[in-house]
Amino acid sequence: IVYEVPVFEVREFGVVALEISQNIELFEKLQSEESPLIDFRLVQSRSYFCNLHRGIDNIHPSVIRRHLCISSSSGLLSHPDEYFIERLRSLHPKSPVWKNSEQSHAVSLICQKDRRHVIVNGPFGTGKTLLLREAVLLLTCLNRSARILVCTQTNHAADLYVKQLDDCGFCGKLIRVCFRWRKPATMSPQVQKYCSERRRTKAGHEYYVHPSLDALNDTRKPLVMVTTLTTSA
């Protein structure tokens with residue numbers, strides 16, 4: 001028999017609380033004296049991400065034009081600054097974004113000093129992760145004392161950014177800021193080497209701490225911190 005129940009909360013020290021209805025047989029088994037053998041699997045709900053994409057899709061075109069500088073006549077992005085794109089290309093000539101005119105234009109918008117925010121919208125598999133990775137690399141090339149915070153929806157996505165930056169030979173300081181009770185076994189060794197410091201409680205439980213102010217204020221190298229939206233808050 002398979003039951004689908006929601007996660008009520010994730011507590012400290014790896015304890016997961018499940019919300020189980022009293023009307024199902026599983027609750028009665030858990031209440032009995034005999035300890036049943038239960039195999040469970042955690043599956044991420046995609047409804048939250050579907051709602052995010054639906055929210056972007058429902059934004060009025062006039063709002064998108066205001067944020068992305070889209071021409072009302074053509075519906076395309078404003079004319080790219082070819083001179084600035086060539087300057088970026090000279091800093092990172094092997095970047096794959098130069099093979100795509102839309103991606104190279106989006107990267108140039110992100111890297112402009114007077115650009116307050118840029119919304120990049122696209123379905124799964126269109127290269128948004130690659131685009132942001134290349135934008136981070138170019139921003140650190142433009143400013144050797146840059147401080148960049150990359151926030152993702154999931155730990156998997158945050159770990160992926162760290163792996164990609166490491167594979168690209170990022171020469172700055174890279175820090176993966178983790179949830180304090182995250183288990184190191186859930187990360188690959190490639191990601192673990194960039195995680196913040198771990199300490200031990202009096203009871204012997206290890207946890208991650210946030211980077212120190214000295215590490216954040218060190219401007220000798222560009223700094224990129226990667227974390228999730230929940231942990232960044």
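The side chain of Thr154 reaches the backbone nitrogen of Ala157 at a distance of 3.1 Å. This model is predicted, and Thr154 lies in the loop between β3 (147-152) and α7 (155-167). With a relative accessibility of 18%, Thr154 counts as buried, because the cut-off for that class is under 20%.

In helix α4, where Ser90 is found, the side chain of Ser90 reaches the backbone oxygen of Arg87 at 2.5 Å. Ser90 is exposed, its relative accessible area being 54%.

| Side chain | Backbone atom reached | Distance |
|---|---|---|
| Thr154 | nitrogen of Ala157 | 3.1 Å |
| Ser90 | oxygen of Arg87 | 2.5 Å |

**Packing of α4 and α5**

Two packed helices are described by the angle between their axes and the distance between the axes. Helix α4 covers residues 82-91 and helix α5 covers residues 101-111; they pack at an angle of about 90 degrees, and their axes are 10 Å apart. The two helices are therefore roughly perpendicular to each other. From α4, the residues Phe84, Ile85 and Leu88 take part in the contact, and they meet Ser104, His105, Val107, Ser108 and Cys111 of α5. By class, the residues of this contact comprise 5 nonpolar and 3 polar ones, with no charged residue.

How many of the 11 residues of α5 are buried? The number is 8, so α5 is largely enclosed by the rest of the structure. The buried set consists of Gln103, Ser104, His105, Ala106, Val107, Ser108, Leu109 and Cys111. These buried residues of α5 pack against α4 and also against α6 (128-142).

Phe170 is placed in the loop between α7 and β4 (173-176). Its relative accessible area is 14%, and Phe170 is accordingly buried. Apart from neighbours within four places in sequence, Phe170 is in contact with Leu137, Thr140, Leu165, Pro222 and Val224.

Another loop residue, Arg11, is found between β1 (7-10) and β2 (16-18). Arg11 counts as partly exposed, with a relative accessibility of 43%. In sequence, Arg11 and Trp181 are separated by 170 residues, while their C-alpha atoms are 9.0 Å apart in space.

**The protein as a whole**

The protein has 10 helices and 7 strands. Among its 233 residues, 29% are buried. Of the contacts with a separation of 6 or more, 59% are between residues 24 or more positions apart. The accessible surface of the protein amounts to about 16200 Å², and carbon and sulfur atoms account for 53% of that surface.

How values were computed: Residues are numbered from 1 along each chain as its sequence is written. This is a predicted model: local features need pLDDT of at least 70, side-chain atom pairs count only at pLDDT 80 or more; totals for chains, interfaces and linings use all residues. Side-chain values use heavy atoms; hydrogens and water are left out. Axes are lines fitted to C-alpha atoms, for helices over the stretch in contact, and angles run from 0 to 180 degrees between N-to-C directions. Helices (H or I, at least four residues) and strands (E, at least two) are DSSP runs, numbered from the N terminus. Angles under 35 degrees count as roughly parallel, over 145 as roughly antiparallel, 65 to 115 as roughly perpendicular and the rest as oblique. Contact means heavy atoms within 4.5 Å. Ala, Val, Leu, Ile, Met, Phe, Trp, Tyr, Cys and Pro count as nonpolar, Asp, Glu, Lys and Arg as charged, and the others, Gly among them, as polar. Buried means under 20% relative accessible area, exposed over 50%, partly exposed in between (1.4 Å probe, protein chains only). Accessible areas come from the Shrake-Rupley method with a 1.4 Å probe; for residues, only the protein chains shown count as cover. A polar contact is a pair of N or O atoms within 3.5 Å; within protein, one must be able to donate a hydrogen and the other to accept it, and residues adjacent in sequence count only if both atoms are side-chain atoms.
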